[in-house]
Amino acid sequence: MRLTVDGLPETLAPRPGQCLRTALRETGHHGVKKGCDAGDCGACTVLLDGVPVHSCLLPAFRAENRSVTTVRGLERDGTLHPVQQAFLDHNAFQCGFCTPGMLVTAASLDQEQRQELGRALKGNICRCTGYGPIADAVASLDLPDAASPRDERSLPPPAGPDVVRGRAGYTLDAAAPAGLLHMVLLRSPHPHARIRHIDAEAARAAPGVHLVLTHRDAPDLLYSSAQHERYVDSPDDTRLLDDVVRHVGQRVAAVVADSVAQAEEARALIRVEYELLPPVLSPEAALLPGAPAIHRKDAAASRIADPERNVVGTVRDEIGDVAAGFAEADIVHGAEYRTQRMSHAYLETLSAIAEVDGDGLLTVRSSTQVPFLTREALARVLELPRNKVRVLCGRVGGGFGGKQEMLCEDVAALAALRLRRPVQIEFTRTEQFEAAPCRHPMRIGIRLGARRDGILTAMELRVLSDTGAYGNHGPAVLYHATNESIGLYRCPNKKVDAQVVYTTTPPSGAFRGFGLGQVIFGLEQSVDAVARELGMDPVRFRELNVVKPGDPMTSTRFALHDVEYGSYGLDQCLEHVRTALDAAREEPLPPEIATDPDWRVGTGSATAMIDSAPPFGHKASVRLMLREDGRFELVVGTAEFGNGSTTTHLQIAARTLGTAPCRIAVRQSDTALLDHDTGAFGSTGTAIAGLATQDAARRLLALLREQAAAMHGGAPDTWRLDGDTLSDGVRHLPLSALAPLEADGHASGTPRTVCFNVHGFRLAVHPPTGTIRILRSVHAADAGHVLNPMQCRGQVEGGVAQGLGAALFERIRLDGNGGVENPAFRSYHVPRLADLPRTEVFFADTHDSTGPLGAKSMSESPFNPVPAALANALFDATGVRFTETPFTRDIVWRQLREACPTPASGARTLQTDGAPAGP
Amino acid sequence: MDLNTITDIARPRDRSGLPPFREGDAILGGGTWLFSEPQRTLRRLVDLAGLGWPPIENGAQELRLSATCTLAALDAHAADAPWAAAALVRRCCRSLWGSFKIWNMATVGGNLCLALPAAPMAALAVALDAVCEIWCPDGTDRLLPASGLILAPQRTVLAPGEVLRALRIGRDRLHARYAVRQASLTEEGRSAALLAGRCTEAGGLALTITASVPRPLRLDFADAPAPDVLRAAVEAAGAAAGWYDDPHGAPDWRRHMTLRLAEQIRAELAT
């Protein structure tokens with residue numbers, strides 16, 4: 001059939017049930033993205049004869065003789081559409097995967113729709129930005145004279161023009177290799193079962209099928225899907241394909257065929273005989289005496305703390321004397337909290353293409369935060385020499401920790417090695433919910449003791465973490481959760497009793513904050529409660545009790561001691577939030593709230609500390625080259641998934657060298673280019689990898705000077721680089737005369753420093769309906785010297801948005817069988833623009849001694865104080881403690897009704913938490 | 001998403017071209033639901049688009065809404081309509097979980113026949129006392145009140161091969177007075193309760209309750225009900241049907257919101 005795509009004639013031959021999205025992508029129109037494939041996220045939006053539609057829902061045949069406009073068709077004669085330019089100007093994207101659909105939608109809006117943007121964009125999900133810059137970009141279309149939001153430090157992301165033009169190459173946007181085959185996975189319908197028999201004969205004989213893999217084909221070797229610099233951080237409990245399934249959705253078999261359709265058809269022909277085993281659907285049930293052991297494995301070999309009791313790892317320690325601390329206390333507070341199962345909801349689903357060349361080199365292009373660690377893992381699992389494995393990324397469409405795993409590369413690679421043909425795998429959104437790791441749900445018990453003068457005397461923390469069917473990241477998350485959370489407080493007596501256990505539910509994994517957010521949700525509420533019980537302002541109470549430079553940061557003996565106060569801005573952050581909330585309390589209420597006596601109004605805040613990098617080392621590698629043409633090329637190991645690290649690398653390299661960022665090209669995330677790099681996680685993109693870039697730039701500059709001095713005399717340090725010329729004030733050498741040169745830079749990830757985040761809310765809550773309205777949202781961050789304020793603000797706003805998603809909306813619901821009840825964005829509510837307030841962001845004025853150019857990390861941590869701050873404001877408004885996330889309207893309504901609190905007098909209630917003691 | 005089991009699209013140009021029903025058939029309206037979930041049992045789609053039904057026909061006695069009328073066309077029509085029910089129509093369109101982009105594809109008939117509890121076209125059709133015009137496979141037509149169409153979530157009285165042709169709405173219903181209320185867990189979110197009340201000519205109340213119950217409920221009060229009478233009737237009807245439970249709201253909250261919104265509708269129409 002014929003149609004017009006982006007102004008040019010196109011011919012498609014769609015299959016009867018094919019949607020327009022895949023038909024367009026198959027013909028190379030890769031500006032159209034798949035985020036959900038179900039009409040929920042809007043990443044595939046196109047204009048059909050000028051009218052915006054979701055191309056994943058449009059039967060392709062209906063586009064016959066019509067005109068289709070994708071993001072690539074928005075430009076006119078090489079000039080960006082005004083909305084594309086506005087998105088560039090406002091940094092209105094991070095990973096950029098939602099951007100094509102967002103732009104096409106925004107370009108279609110009339111002025112009236114732009115005024116009601118929350119409604120107009122309810123069919124577009126952005127998981128990275130929190131929508132603030134998107135709203136600003138759209139609003140700017142009606143304000144042509146508004147000043148540019150960009151300050152001189154905020155270098156725009158180098159990939160920006162490609163992102164807004166729909167030309168950025170994500171994992172599956174490369175040209176398909178010749179002979180590409182497609183893999184789909186058969187997944188378990190049972191939470192716990194042994195596979196007695198798999199009959200795959202009919203599937204193998206089905207049309208187009210090349211291979212069916214089952215556990216009989218899988219290497220008899222255990223590993224973890226989690227990837228760390230230190231291999232032993234997660235237990236070896238996973239097989240590539242196992243003969244025991246431990247959660248609904250676990251992979252059982254893999255089918256490879258010429259097309260996805262054929263692979264799906266064949267998958268339906270596989271017959272599996274299961275021997276059902278008893279399910280274990282909660283961490284409490286997992287610990288009961290006699291509970292079935294989910295992983296009966298060798299404890300030492302697999303590094304599982306107690307396989308018979310389902311305990312993967314524990315943190316048990318006491319410093320000081322907690323009993324004495326409680327004895328000394330004038331008040332003792334205890335409470336229990338729970339956090340929910342939550343999806344990362346990055347928009348680019350897990351995907352990979354594996355191929356093997358004539359020399360036996362396995363190349364995997366993958367959507368990963370950790371290409372180098374995945375290379376190691378593939379080599380180990382598939383028993384290949386590491387020089388026979390190459391892993392690389394395109395642009396990665398979001399991660400948030402969820403791509404610090406090897407979840408599809410292994411099985412695709414195994415098939416490619418068998419078939420010697422390229423094999424592609426792409427998770428559906430449903431698979432993301434059912435089989436990609438979620439955030440660890442935790443039960444958190446807190447006891448705090450304090451003297452009347454406001455000094456904490458004892459802290460006791462109990463944690464029960466649910467790692468699900470596999471232990472990927474389970475122990476490491478537990479260590480982190482129990483470290484900086486209590487390390488923030490200068491209390492001599494601390495006790496931790498924490499464990500992480502297996503259940504037969506979908507596995508948990510690394511998620512922005514790496515466990516800290518869960519514990520902080522509880523701890524910061526208890527700190528708030530103690531302050532109120534003492535009649536103190538909670539911010540003042542924190543000021544009295546938080547660590548200050550020189551104080552030891554203490555938690556448990558498992559903590560490493562390479563963390564120092566490279567800088568300290570917590571005092572500024574607390575002060576800023578206090579001042580902002582004081583001012584907010586004086587602001588008039590919106591009329592609809594002021595005139596309805598049912599509304600309750602309150603304020604609350606919470607604090608978070610985070611180490612600037614993961615423990616046990618985080619290695620970053622960079623190579624900086626001067627090319628023959630006198631330009632620089634920066635090869636970076638770490639991955640870019642919207643965190644903006646590429647921009648800061650350019651800034652660091654340019655500033656250190658003394659040249660302009662536009663003279664430096666960046667290549668990244670390819671194991672063929674460098675020896676090793678731990679990857680993009682643990683907030684290391686700027687703080688650690690940036691150091692490596694600084695190191696490489698210093699070394700290259702030294703080489704340039706030495707070379708110039710050797711050629712022309714003078715001391716090396718009299719030579720300075722200025723743009724494209726090296727000069728000693730008298731002589732001027734073009735850089736091309738010195739090329740080629742190169743220097744490597746490295747960073748080890750130690751010593752580390754600490755970063756701080758404080759969040760404050762003023763909100764109104766409506767007990768008759770459970771509705772929460774956020775009136776003021778303010779966030780103070782200590783990120784050291786902020787290299788790129790717009791980008792750093794974007795990280796903060798995006799983290800706050802995810803924190804609000806956790807606090808207000810998001811929950812993966814499991815059914816009675818342990819399967820996911822809401823595996824789609826229509827039933828798992830990721831915040832839309834209409835759901836979120838604008839957050840005012842403040843940066844502390846500090847300069848860190850450990851980080852590059854004084855910078856610290858700022859990517860995971862803005863999330864961490866948000867749910868507790870919201871809960872504290874809710875308490876202030878209502879006198880009721882909300883101890884379990886999320887606070888959806890139905891839950892808020894029910895809890896307020898059950899509590900029947902005395903109507904709070906405005907925002908000044910200081911009631912004490914009456915929650916039961918810890919677990 | 002691709003519906004890979006579909007091997008055939010029937011694209012009839014007129015009624016005689018509608019193929020006899022066979023197992024694995026599905027009627028394709030806008031496709032916004034069909035293409036949003038795997039449909040492993042389907043083999044053929046019967047596309048209504050080629051029938052060329054005029055979306056909206058303004059008759060002297062009634063408004064005829066084709067099943068293939070998109071929500072966008074309906075909303076645009078209501079935006080310029082002189083009748084009082086226009087606000088109800090527009091509010092129901094807005095209550096669709098999908099954005100205005102989905103309105104461009106989703107059809108009135110598709111939303112109604114999908115029969116999800118939150119389907120705003122079900123609320124609209126029942127509130128307007130619409131009559132469903134149904135094409136039977138034997139070439140005859142039958143008429144059915146919209147309130148009798150939906151049996152349960154995703155289940156209607158339509159027999160295999162029957163096609164919803166149109167909704168007929170009496171002029172008097174377009175000019176009546178309505179009050180609408182929606183509850184949702186989120187701003188602009190999916191309906192957890194969607195209620196519409198009409199002030200009858202005799203001064204009574206016709207109350208339509210959807211989204212908080214598995215199928216649309218209709219309560220007719222000959223006289224304007226007192227608050228306690230209304231409450232008792234809503235409570236009894238909801239309890240009999242069962243308060244709906246899904247990720248879009250807990251049943252106890254839905255019950256509470258339904259009672260609250262019903263009372264707001266009563267009060268608004270009583271003034």
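## Helices and sheets of chain A, with a note on chain B

In helix H20(A), the buried residues are Leu570(A), Cys573(A), Leu574(A), Val577(A), Arg578(A), Ala580(A), Leu581(A) and Ala584(A). Viewed down the axis of H20(A), these buried residues fall within an arc of 170 degrees, so they line one face of the helix. The general rule behind such a pattern is that an α-helix has 3.6 residues a turn, so residues three or four places apart point the same way. Please keep in mind that this is a predicted model.

What covers the buried residues of H20(A)? The cover includes helix H19 (538-545) and the strands E23 (600-611), E31 (754-766), E32 (771-782) and E33 (840-843) of chain A.

Six of its eight residues are buried, so H19(A) is largely enclosed by the rest of the structure. Those buried residues are Pro538(A), Val539(A), Phe541(A), Arg542(A), Glu543(A) and Asn545(A). They pack against strand E20 (456-468), helix H18 (516-533), H20, E23 and helix H25 (866-878) of chain A.

### A four-stranded sheet

Moving on, an open sheet of four strands runs in the order E26-E25-E24-E30 (chain A), with mixed pairing. Strand E26 (664-668) and strand E30 (741-747) of chain A stand at the edges with a single partner strand each, so one side of each has no neighbour in the sheet. On average, neighbouring strands here are turned by 20 degrees against each other, direction ignored.

E24(A) is mostly covered, with six of its seven residues buried. On the E25(A) side, Leu626(A) has Phe632(A) as its bridge partner. The hairpin of E24(A) and E25(A) has five residues between the strands, and Gly630(A) there takes a positive phi near 85 degrees.

### A five-stranded sheet

A second topic is the open sheet of five strands in the order E12-E21-E20-E19-E13 (chain A), where the pairing is again mixed. Its edge strands are E12 (311-319) and E13 (331-338) of chain A, each pairing on one side only. The twist averages 5 degrees from one strand to the next.

| Strand | Partner | Bridges |
|---|---|---|
| E24(A) | E25(A) | five |
| E24(A) | E30(A) | seven |
| E12(A) | E21(A) | eight |

### Helices on the sheets

Which helices lie on these sheets, and at what angles? On the four-stranded sheet, helix H22 (residues 645-657) of chain A touches E24, E25 and E26, and its direction makes about 135 degrees with that of E26(A). Helix H23 (residues 689-712) of chain A lies across E24, E25 and E30, running at about 150 degrees to E30(A). On the five-stranded sheet, helix H16 (residues 474-481) of chain A touches E12, E19, E20 and E21, with its direction at about 20 degrees to that of E12(A). H18(A) lies across E13, E19 and E20 of chain A, at about 30 degrees to E19(A).

### Chain B

Finally, an unreviewed UniProt entry lists residues 1-174 of chain B as "domain: FAD-binding PCMH-type". Over that stretch of chain B, the chain is 24% helix and 24% strand, and the end C-alpha atoms are 38 Å apart.

Notes. Residues are numbered from 1 along each chain as its sequence is written. Chains are lettered from A and ligands numbered from 1 in the order in which they are written. This is a predicted model: local features need pLDDT of at least 70, side-chain atom pairs count only at pLDDT 80 or more; totals for chains, interfaces and linings use all residues. Side-chain values use heavy atoms; hydrogens and water are left out. UniProt positions are given in the numbering used here, feature names are shortened, and annotations may be inferred rather than shown by experiment. Helices (H or I, at least four residues) and strands (E, at least two) are DSSP runs, numbered from the N terminus. Buried means under 20% relative accessible area, exposed over 50%, partly exposed in between (1.4 Å probe, protein chains only). The arc is that of the directions from the helix axis to the C-beta atoms. Contact means heavy atoms within 4.5 Å. Two strands pair if DSSP finds at least two bridges between them. Axes are lines fitted to C-alpha atoms, for helices over the stretch in contact, and angles run from 0 to 180 degrees between N-to-C directions.
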